[in-house]
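This report walks through selected side-chain features of one protein structure. Please look over the sequence and the structure before reading on.

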Amino acid sequence: MNKTDAFTHGQIRSKLWLCRELEKLNCSSNLTWIYGGWYGLVAFLLLSRDKFNVKRIHSYDVDPSCKDIAEMINDNWICQSEVFRAHTLDCNLLVPTDSDLIINTATEHFPSMTWWNNIPSGKRVVLQGNNMVHEGEEVTISTSLDNFKQRFPLSKYEYTGEIEFNYDTWGFTRYMVIGIK
């Protein structure tokens with residue numbers, strides 16, 4: 001995995017989109033868990049924009065190389081009473097009973113639905129996925145926003161949308177839902 005991929009146009013635009021739509025809902029979170037947190041950029045953006053009221057964020061990624069980078073990027077919030085924490089852990093092992101918001105911007109990279117099935121009903125979630133084929137990687141893409149919503153059904157939708165990414169020789173669509181499982 002190329003570390004600079006986390007800072008590409010598509011990654012940053014997608015995460016800023018998440019921040020804007022979550023901020024519009026005017027909700028808050030005592031404890032947010034980010035699945036597939038990678039280098040902690042979702043946490044960094046949410047915390048640095050200071051428009052979404054969150055007390056603590058825990059970021060989980062199975063890749064052990066992500067933890068140190070995520071902690072470096074979010075060091076400001078680690079020093080502030082550990083507002084941010086990064087963990088190396090398989091999200092399929094998590095059962096989020098004490099968190100009130102689950103964010104997963106990499107749903108296509110999870111080969112099983114165990115992580116999704118472990119989220120109790122009634123939890124607020126923010127999910128992103130896309131229709132991009134990743135050469136050499138096992139991914140589960142969605143073919144449309146409706147297909148994405150069928151994969152991750154919510155009892156209440158607070159936001160649904162998609163954005164197009166078109167580059168010179170390729171492109172993809174990213175889907176997002178926010179709501180209550």
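## Salt bridges

The count of salt bridges comes to 5. The structure is a predicted model, and three of these pairs are described here.

Glu23 and Arg49 form a salt bridge in which the closest N and O atoms are 2.7 Å apart. Glu23 belongs to helix H1 (residues 9-24) and Arg49 to helix H2 (residues 41-49), so this pair ties together parts that are 26 residues apart in sequence. Glu23 has a relative accessible area of 14%, which is under the 20% limit, and therefore counts as buried. Arg49 is partly exposed, at 23% relative accessibility.

A salt bridge also joins the side chains of Arg85 and Glu82, with 3.1 Å from N to O. Arg85 is partly exposed, at 32% relative accessibility. Glu82 is likewise partly exposed, with a relative accessible area of 40%.

Arg124 forms a salt bridge with Glu158, and the closest N and O atoms are 2.6 Å apart. Because Arg124 lies in strand E5 (residues 124-130) and Glu158 in strand E6, the pair ties together parts that are 34 residues apart in sequence. Arg124 is buried, with a relative accessible area of 18%, whereas Glu158 is partly exposed at 22%.

## Aromatic pairs

How many aromatic pairs does the structure hold? There are 14. In one of them, the rings of Trp33 and Tyr60 have their centres 5.2 Å apart and their planes at 65 degrees. That angle is over 60 degrees, so the pair is edge-to-face. Trp33 is in strand E1 (residues 28-35) and Tyr60 in strand E2 (residues 53-61), so the pair ties together parts that are 27 residues apart in sequence. Trp33 and Tyr60 are both buried.

Trp115 and Phe152 form another aromatic pair, with 5.6 Å from centre to centre and 45 degrees between the planes. This pair is tilted. Trp115 lies in helix H5, while Phe152 lies in the loop between helix H6 (145-151) and strand E6 (156-166), so the pair ties together parts that are 37 residues apart in sequence. Both residues, Trp115 and Phe152, are buried.

Trp115 and Phe152 also belong to a cluster linked by ring pairs.

## Charges over rings

Which ring has the charged end of Lys181 over it? It is the ring of Trp116, and the charged end sits 4.5 Å from the ring centre.

Arg13 lies over the face of Phe165. The distance from the ring centre is 4.9 Å.

Thr107 is found in the loop between strand E4 (101-104) and helix H5 (114-117). Is Thr107 buried or exposed? With a relative accessible area of 1%, Thr107 is buried.

Neighbours within four places in sequence are left aside in what follows.

Terms used: Residues numbered from 1 in each chain as written. Predicted model: local features only at pLDDT ≥ 70, side-chain atom pairs only at ≥ 80, totals over all residues. Heavy atoms only, no water. Helix = DSSP H or I, 4+ residues; strand = E, 2+ residues; numbered from the N terminus. Buried < 20%, exposed > 50% of the residue type's maximum accessible area, 1.4 Å probe, protein only. Contact = heavy atoms within 4.5 Å. Phe/Tyr/Trp six-rings, centres within 6.5 Å; stacked < 30°, edge-to-face > 60°. Lys NZ or Arg CZ within 6 Å of the ring centre and 35° of its normal. Salt bridge = Lys/Arg side-chain N within 4 Å of Asp/Glu carboxyl O.
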